[in-house]
Amino acid sequence: MMKRWQAVKRLLPLLAVFSLLLSGCGREDLSVLRPQGPVAEGQLDLIKLSISIMLVVIIVVFAIATYVLIKFRRKPGQNEVPEQVEGNFKLEIIWTAIPLLLVLVLAVPTIQKVFAYGENNWNDEGVVQVRVIGHQFWWEFEYPQYEVKTAQEMLIPVDKEIALELKTADVLHSFWVPSLAGKMDTNTDGSVNNMSISTPNEGTYIGKCAELCGASHGFMEFRVKAVDQESFDQWVEAMKAPAVLPEDTQLAEKFKNNCLTCHAVGDQGGFSGPNLTGMGSRETVAGILLNDTTGEEGSKPAKDNLVEWLSDPEGVKPGNLMPHPKELGFSDEEIEQIAEYLANYKLEY
Ligand code: CUA
């Protein structure tokens, strides 16, 4: 009894570590178990089907094993070799046929759904087209029907089919919004992957890059924000409005000459870096620093997050391609001012 308790005691730290690890999986909006749209629901059905089949197999196999262990155990005084059933034709047929049948039951709906969910409905009527482009280490979302590009936060109207076209600007990434749909790669050979998502529920759904793509793969987070049609239309209008630049003309000039060579605001700037239009309305800075509008643990005002990012981009996202603002000649004070300007750059929708 004493010994057994000691063994349990030795296992306790291990249990603690496991529960700690599992608690890391507790983000509700990052779970395939809480589907928010038809694709994720269909995929959860597949998970349930395979788990049910496996449960039945486990129960039956363990029941038979237990029965055999008890029934055919060696009795006292029993010395002869028991009857051998090796090569029993009937048994061999049974344990080949049953697993085959189970694999078929699993395969038919799985293959059906794999093809259905990967179908190209880019040109279907009434869809909202979104071109998703993975970059090290951020996501670009282009809406060709509206001539709008944004980054890190993909706005979608509820109850609409969103047709996605997935590409990469550099290496292999994988687009994954657990509560809306399974993963889809962004291929490096120039080929395009298609899928579609939709949701009847307004809300914010967290997405992740699901393919190890470099130093900051783990920080390549993004959000899908589902809003009503009216808000979506307003957002499109606001995205297309003329750029708002810093009020201070000297700062505006510096911002244009340095930041806007890669980034864009409104109708100005370039597109090799994330679009910054309406930064103040986003829930994160760089996809990973949470703004206080999320109400999530560890969130901070957008301005503080922007200062943190601009003061040390490498510290927030190792391996990112943005030149350090200080190396571009921005002083601490100017970084502060840029952060203030971007945090106040909000979109009405
Ligand atoms: Cu992109 Cu991992």
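Let's start with a distance: the C-alpha centres of domain 1 and domain 3 lie 49 Å apart. Keep in mind that this is a predicted model. The division gives domain 1 as 30-71 plus 89-117, domain 2 as 128-237, and domain 3 as 249-343.

Domain 1 next. Two helices to look at here: H2, residues 38-71, and H3, residues 89-117. How far apart are the axes of H2 and H3, and at what angle do they pack? The axes are 11 Å apart, and the angle is about 170 degrees. An angle over 145 counts as roughly antiparallel, so H2 is roughly antiparallel to H3.

Who touches whom? From H2, the contact takes in Pro38, Val39, Gly42, Gln43, Asp45, Leu46, Leu49, Ser50, Ile53 and Val57. From H3, the partners are Leu102, Val105, Leu106, Pro109, Thr110, Lys113 and Tyr117. By class, the contact of H2 with H3 has 11 nonpolar residues, four polar and two charged.

Now domain 3, which spans 249-343. Please find helix H5, residues 249-258, and helix H8, residues 332-344. Their axes come within 11 Å. They cross at roughly 85 degrees. Angles of 65 to 115 count as roughly perpendicular, so that is the label for H5 against H8.

H5 brings Leu251, Lys254 and Phe255 to this contact. H8 answers with Glu334, Gln337, Ile338 and Tyr341. Sorted by class, the contact of H5 with H8 holds four nonpolar residues, one polar and two charged.

How many cavities of 30 Å³ or more does a search of the whole structure find? One. The volume of the largest cavity is about 80 Å³.

Let me read out the lining. It consists of Thr150, Glu153, Leu155, Trp235, Met239, Thr277, Gly278, Ser281, Arg282, Leu347 and Tyr349. Which elements give two or more residues to that lining? Strand S4, 153-157, and helix H4, 229-240. By class, the lining has five nonpolar, four polar and two charged residues.

To recap. H2 and H3 pack at about 170 degrees. H5 and H8 cross at roughly 85 degrees. Thanks, everyone.

Technical notes
Residues numbered from 1 in each chain as written. Predicted model: local features only at pLDDT ≥ 70, side-chain atom pairs only at ≥ 80, totals over all residues. Heavy atoms only, no water. Axes fitted to C-alpha atoms, helices over the stretch in contact; angles between N-to-C directions. Helix = DSSP H or I, 4+ residues; strand = E, 2+ residues; numbered from the N terminus. Parallel < 35°, antiparallel > 145°, perpendicular 65-115°, else oblique. Contact = heavy atoms within 4.5 Å. Nonpolar A, V, L, I, M, F, W, Y, C, P; charged D, E, K, R; others polar. 1 Å grid on protein atoms, 1.4 Å probe; cavity = no way out; pocket = protein on both sides within 12 Å on 5 of 7 lines; lining within 4 Å. Points joined across faces, edges and corners; volume = space filled by probe spheres on them. Domains from an automatic or database assignment.
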